[in-house]
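Subject: Structure for you to look at

Hello,

Here is the structure I said I would send over. My notes follow it.

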Amino acid sequence: MADQQQVESAIKEYIDPYMQADLVSAKAVKNITVDGGQVTVEVGFGFPTKGYDETLAKALSERIGALDGVSDVEIKISNKIVSHAVQKGVKPIEGVKNIIAVASGKGGVGKSTTAVNLALALSAEGATVGMLDADIYGPSQPRMLGVRNVKPESSDGNSLEPVMNYHIQSMSIGYLIEEETPMIWRGPMVTQALEQLIKDTRWKDLDYLVIDLPPGTGDTQLTLAQKIPVSGAVIVTTPQDIALLDARKGLKMFEKVEVPVLGVVENMSIHICSKCGHEEHIFGQGGGVRMAEEQDVNFLGALPLDIHIREDADKGKPSVVADPDGRIAQIYREIARRVAAKLSLQAKDYSAKFPSIKIV
């Protein structure tokens, strides 16, 4: 008859692909109950795992079921997403547990498309997610989220209600101006607008707020690093040497302002001909992997140069919602799980648990 220690040993044989450790060492196993031939294992994650639960339950059941005397295995999986530590001296934003910044050193690498699909993928995995379009000069999220002609409401005249679509709460300067109106603003006006968009939006119990940053390492990025509580950053690049050069600058910027880099996404990694299926590395090969290794950060995943990704975003229905069971959506969901798992391993923020002390 199997005992608790044998069950634990069987669980240790399985290495979780997202936390890159066995579930016992990662402290994800919350309880093991052995009742004769019936074994119940409770697993708890600090990140959303909806698309992974079935695979995990099957893998654990096979290992535990192979033990002598085990006739039935039940795997219970739960998720509890908490707030994680941010830069020192920066106050948390009400209604938001974690902020993830999506950045690139240069434009044209598909950062905004990656950001919106990452947000939608985190939502598909079971999290409550928001999207902030921080590109004041070139807001693209209203179009990508299919809400380009929607104006946000205000219940009190001072704050804005986030715009909802595809179960995502979003805010963008693009909701407040006409799509073709240029923003002829200097730096201080842009940074003030960004702060207002984040802090004056009534976010509702978000597990993650994904921020789509403009390219570069200028005023907007500096404001975010100094005044906005960011839990982690994701760097988007292509395999091209010039894109990688600028992506490294973005990564170094986050390191200098003490924002953890959760990893690198390589976009437009490979082109597959829609006519003949021929595969070609148009922008080079393996650049994102090399950069991740050199900078000692996670490689989160690679996305192909696929016409459907572009078409879906332009139509206002990004790939994760346009074809939720398709290959592209599954890649985005894999990336989302890796991002959230990496964040879950970071230091937690306990500031909300301490009472505020008032001297009267």
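N165 has I168 in β9 as its bridge partner. The strands β8 and β9 (residues 168-172) run antiparallel and are joined by three bridges; strands count as paired if DSSP finds at least two bridges between them. Helices (H or I, at least four residues) and strands (E, at least two) are DSSP runs, numbered from the N terminus.

This is a predicted model, in which local features need pLDDT of at least 70 and side-chain atom pairs pLDDT 80 or more, while totals for chains, interfaces and linings use all residues. Residues are numbered from 1 along each chain as its sequence is written, and side-chain values use heavy atoms, without hydrogens and water.

The open sheet has eight strands in the order β8-β9-β7-β10-β6-β11-β12-β15, with mixed pairing. Its edge strands, β8 (163-165) and β15 (299-302), each pair on one side only. Helix α7 (residues 241-256) packs on this sheet and touches β6 (96-103), β11 (232-237) and β12 (261-266), where contact means heavy atoms within 4.5 Å. Helix α8 (residues 287-295) also packs on the sheet, touching β11, β12 and β15.

Elsewhere, β4 (residues 38-45) and β5 (residues 72-79) pair in the parallel sense over eight bridges. E42 stands opposite K76 in β5. From β4 the chain crosses through helix α2 (residues 53-65) to β5, a right-handed β-α-β crossover (clockwise from the first strand over the helix to the second, with the strands pointing away from the viewer).

Regards

Conventions:
Axes fitted to C-alpha atoms, helices over the stretch in contact; angles between N-to-C directions.
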